Amino acid sequence: MLRYKYIIWDWNGTLLDDVDINIEIINTLLSERGLPLIDSAEKYRSLFTFPIQNFYKELGFTFKDEPFETVARQYAFMYDEKYPFASVSYEAEGLLRRFRDAGAEQIIVSATEQDFLTRQVTYFEIEQYFTDILGTSDIYVKSKVSVAEKWMQENGASPDEVLFIGDTVHDKEVADSIGCECILVAKGHQSREILSFSGAVIADNLSDIQKAVII
């Protein structure tokens with residue numbers, strides 16, 4: 001039996017294991033601008049933050065000679081080439097299947113642009129698990145709070161029926177904005193240490209989440 005009627009999933013870093021390709025892309029951007037590279041996944045996770053523009057500033061981008069939008073477009077172009085080399089883990093798909101079979105409605109809420117998100121989910125052949133796949137209106141990755149809030153309003157969902165599963169502090173902020181519970185997985189884009197300050201329940205992997213959702 002499920003504790004929740006709705007499971008809202010983040011995409012990047014939660015269902016899609018794309019940390020390595022992100023580091024590769026970011027290092028290309030840094031190298032082209034003569035900036036220090038990210039030398040490990042641990043370093044990446046210690047720096048990653050929302051809004052994304054602040055993450056770039058942490059890496060040394062000043063946006064004096066080129067606007068953030070230029071960097072964001074270059075990143076999006078390279079990510080479009082690289083995402084097929086990422087993967088949705090067997091663990092993730094197994095959990096999606098169990099939640100679906102137990103009667104949960106599952107939704108993706110992502111900061112990824114809508115058409116790009118739909119293309120990715122379809123490419124990895126897991127779209128059948130979701131009643132909604134919801135992204136943002138552009139590539140500049142500012143926030144997905146409004147996406148989650150709109151979904152709640154349109155579906156008349158009660159906060160106590162909803163669980164948000166993500167991998168960043170921003171996911172907890174989104175969960176707080178709609179009043180629902182949140183579990184963050186410490187295997188994505190931010191470190192367990194950073195996640196620990198969010199106040200969310202933290203799971204080391206997706207398998208641990210099943211215990212919190214199915215009773």
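User: Which residues in α1 are buried?

Analyst: A residue counts as buried under 20% relative accessible area, as exposed over 50%, and as partly exposed in between (1.4 Å probe, protein chains only). In α1, the buried residues are V19, I21, N22, I23, I25, I26, N27, L29 and L30. Please note that this is a predicted model, in which local features need pLDDT of at least 70, side-chain atom pairs count only at pLDDT 80 or more, and totals for chains, interfaces and linings use all residues. Residues are numbered from 1 along each chain as its sequence is written, and side-chain values use heavy atoms, with hydrogens and water left out.

User: What covers the buried residues of α1?

Analyst: Cover is read from contacts, where contact means heavy atoms within 4.5 Å. Here the cover includes β2 (16–17), α2 (41–47), α3 (52–59) and α4 (68–82). These labels follow DSSP runs numbered from the N terminus: helices are H or I with at least four residues, strands are E with at least two.

User: How many residues has helix α1, and what does one compare its span with?

Analyst: The expected span is 1.5 Å times one less than the number of residues. Helix α1 covers residues 19–32, which is 14 residues, and it reaches 20 Å from its first C-alpha to its last, close to the 20 Å expected. Just after α1, G34 takes a positive phi of about 70°.

User: Is S31 buried, exposed or partly exposed?

Analyst: S31 belongs to helix α1, and its relative accessibility of 49% makes it partly exposed. Between S31 and D10 there are 21 residues in sequence and 29 Å in space, C-alpha to C-alpha.

User: How many aromatic pairs are found in the whole structure?

Analyst: A pair of aromatic rings is described by the distance of the centres and the angle of the planes. Rings of Phe, Tyr and Trp (its six-membered ring) pair if their centres lie within 6.5 Å; planes under 30 degrees apart count as stacked, over 60 as edge-to-face and the rest as tilted. The search of the whole structure gives 20 such pairs. For W11 and F124, the ring centres are 6.4 Å apart and the planes meet at 55°, so this pair is tilted. The pair links distant parts of the chain, 113 residues apart: W11 is in the loop between β1 (6–9) and β2, and F124 in the loop between α6 (114–123) and β5 (132–136). Both W11 and F124 are buried. The rings of Y56 and F63 also have their centres 6.4 Å apart, but their planes stand at 85°, so that pair is edge-to-face.

User: In which sense do strands β4 and β5 pair?

Analyst: Two strands pair if DSSP finds at least two bridges between them. Strand β4 (residues 105–113) and β5 pair in the parallel sense over four bridges; the bridge partner of I107 is D132 in β5. Four of the five residues of β5 are buried.

User: How many helices and strands has the chain?

Analyst: The chain has ten helices and eight strands. Its radius of gyration, taken over C-alpha atoms, is judged by the globule rule of 2.2 Å times the number of residues to the power 0.38. The value is 17 Å, close to the 17 Å that the rule gives for 215 residues, so the chain is as compact as a globular protein of that length.
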